[in-house]
Amino acid sequence: MSKKILITGGAGFIGSHVVRLFVNKYPDYEIYNLDKLTYAGNLENLTDLESSSNYHFVKGDIVDASFINQLFQEHSFDGVIHLAAESHVDRSIENPMEFIQTNVIGTVNLLNAAKETWKGEFDKHLFYHVSTDEVYGSLDEGGFFYETTSYDPQSPYSASKASSDHFVRAYRNTYKLKTVISNCSNNYGQNQFPEKLIPLCINNIKHNKPLPIYGKGENIRDWLYVVDHARAIDVIYHQGKDGETYNIGGFNEWTNIDLVHLLCKVMDKKLGKEEGTSEKLITYVTDRAGHDLRYAIDATKIKDELGWEPSLQFEEGLEKTVDWYLENEEWLENITSGNYQNYYQQQYENR
Ligand code: NAD
Ligand code: TYD
């Protein structure tokens, strides 16, 4: 059945994989990618779709309410998959207001537009909000985040995402908008902006620069290959139940330092360097303020109810990721020239 779907943040890391999956898998769907093209949005992520007739790009800001209302009136969208966000914890520590604007106000603008244009027909439309496991806060060594875990966000980023999740639930409860939310663990894979741990280390190893490890490197993250996240979003969009939350994760926990050791090994192999060469770049630096110790998702519900599970083992996914970054030098060069240099200097020079 033909559908018109608005995907927000489709030029970013995860969004570009979601757009690609939907455009290629559902030729009958019209996919609209709405993106402001911030530093994290990059149309080079989607060059392979430029000639697809069911793909449309719209440049715009979700914080601009009148623009969003007009867009919804112009197009009769069947559904929204909302990914647009400011997404980096370190930037949220430096500049929380941008996170409140985009992640909170931007989400509410989309909810308002959906509420007004879908009035009387809520059962025929779906608002799917893509969120993060960071809303649940930080775990000690034991336990997992479940869909029922209370929210306890600890950074300006996670607080802004938690707030947006609450608004989505409030709009369902109050106005009966049909909604689903998913909360996913840390993603990795091709097209991730090199401010995040894995691509930052790949880029630094390439340029023989120090690998900055916050604190003692003992913080734990649960890593999922981005294409598996996109597959989960597809399954949830089509089979998820109204009002439900789905946790998405890989049951794949790594301390940062173990992960970086593994990455160094893979990089040495791929670059034809003697094993142990890249490890010498590891440098312990001042910890992130309020650094969450551990994230770990229990992804049983999505497996039992929707049949989704990750397709890739971490070692395999990490090799694929490294291969992609080494094969796409131009992408990396383009993204790390200009403003990235200023960002890097500000974040890391006095750490
Ligand atoms: P990203 O930073 O790579 O991409 C965000 C995209 O949103 C960019 O293309 C950017 O241009 C766009 N955008 C930002 N502000 C906008 C605005 N005001 N109007 C329109 N577009 C705007 O982020 P990502 O890592 O791809 O994350 C996508 C979503 O998934 C986010 O909502 C994030 O919270 C969530 N998430 C991310 C992870 C992860 O590990 N990266 C894990 C779980 C959930
Ligand atoms: P990041 O990729 O920023 O994701 P998140 O903060 O959303 O989990 O960071 C992953 C982990 O790596 C986190 O514990 C912080 C740590 N980290 C470093 O040790 N050094 C770095 O330069 C970066 C960017 C992150």
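Which element gives the largest share of the shell around ligand 1? In this predicted model, the answer is strand 5, with three residues. A search of the whole structure finds 17 salt bridges.

**Ligand 1**

- Ligand 1 is surrounded by 28 residues, of which Ile14, Asp35, Ser87, Tyr157 and Lys161 are the closest.
- A polar backbone atom of Gly12 is 2.9 Å from an oxygen atom of ligand 1, and a backbone N or O atom of Leu37 lies 3.5 Å from an oxygen atom of the ligand.
- The side chain of Tyr157 places an N or O atom 2.7 Å from an oxygen atom of ligand 1.
- The protein buries 97% of the 830 Å² that ligand 1 exposes when taken alone.
- Two or more residues of the shell come from each of helix 1 (13-25), strand 5 (126-132), helix 5 (156-175) and strand 7 (186-188).

**Ligand 2**

- Around ligand 2 there are 17 residues, and Glu134, Arg221, Arg288, His291 and Tyr348 come nearest.
- Side-chain atoms of two of these residues approach oxygen atoms of ligand 2: an N or O atom of Glu134 at 2.6 Å, and a polar atom of Arg221 at 2.7 Å.
- From the backbone of Leu197, an N or O atom lies 2.9 Å from an oxygen atom of ligand 2.
- Taken alone, ligand 2 exposes 510 Å², and 97% of that is buried by the protein.
- Strand 8 (residues 211-214) gives the most to the shell around ligand 2, namely three residues.

**Salt bridges**

- Arg91 and Glu195 form a salt bridge through their side chains, at 2.6 Å from N to O.
- This pair links distant parts of the chain, with Arg91 in helix 3 (residues 89-94) and Glu195 in the loop between strand 7 and helix 6 (197-206), 104 residues apart. Both Arg91 and Glu195 are buried.
- A salt bridge at 3.0 Å (N to O) joins the side chains of Arg172 and Asp242.
- Because Arg172 lies in helix 5 and Asp242 in the loop between helix 7 (226-239) and strand 10 (245-248), the pair ties together parts that are 70 residues apart in sequence.
- Arg172 is partly exposed, at 31% relative accessibility, and Asp242 is partly exposed at 35%.
- Glu253 and Arg294 meet in a salt bridge at 2.7 Å, N to O.
- Here Glu253 belongs to strand 11 (residues 253-255) and Arg294 to the loop between strand 12 and helix 9, 41 residues apart.
- Glu253 is partly exposed, with a relative accessible area of 33%, whereas Arg294 counts as buried at 3% relative accessibility.
- Lys269, Lys270, Glu319 and Asp323 are joined into one network by salt bridges that share partners.

**Asp298**

- Asp298 is located in the loop between strand 12 (282-285) and helix 9 (300-306).
- Although buried, Asp298 has no salt bridge, and the nearest side chain of opposite charge, Arg294, is 9.7 Å away.
- A polar contact of 2.5 Å connects the side chains of Asp298 and Thr300.
- Beyond its neighbours within four places in sequence, Asp298 is in contact with Phe144, Phe145, Tyr146, Glu147, Asn247 and Phe251.

**Leu271**

- Leu271 is in helix 8 (residues 256-271) and is partly exposed, with a relative accessible area of 34%.
- Not counting residues up to four places away in sequence, Leu271 touches Ile205 and Leu326.
- The C-alpha atoms of Leu271 and Asp123 are separated by 54 Å, and the two residues are 148 apart along the chain.

Technical notes. Residues are numbered from 1 along each chain as its sequence is written. Chains are lettered from A and ligands numbered from 1 in the order in which they are written. This is a predicted model: local features need pLDDT of at least 70, side-chain atom pairs count only at pLDDT 80 or more; totals for chains, interfaces and linings use all residues. Side-chain values use heavy atoms; hydrogens and water are left out. Helices (H or I, at least four residues) and strands (E, at least two) are DSSP runs, numbered from the N terminus. Buried means under 20% relative accessible area, exposed over 50%, partly exposed in between (1.4 Å probe, protein chains only). Lys and Arg count as positive and Asp and Glu as negative; His and the chain ends are not counted. A salt bridge is a side-chain nitrogen of Lys or Arg within 4 Å of a carboxyl oxygen of Asp or Glu. A polar contact is a pair of N or O atoms within 3.5 Å; within protein, one must be able to donate a hydrogen and the other to accept it, and residues adjacent in sequence count only if both atoms are side-chain atoms. Contact means heavy atoms within 4.5 Å. A residue is near a molecule or strand if one of its heavy atoms lies within 4 Å of it. Accessible areas come from the Shrake-Rupley method with a 1.4 Å probe; for residues, only the protein chains shown count as cover.
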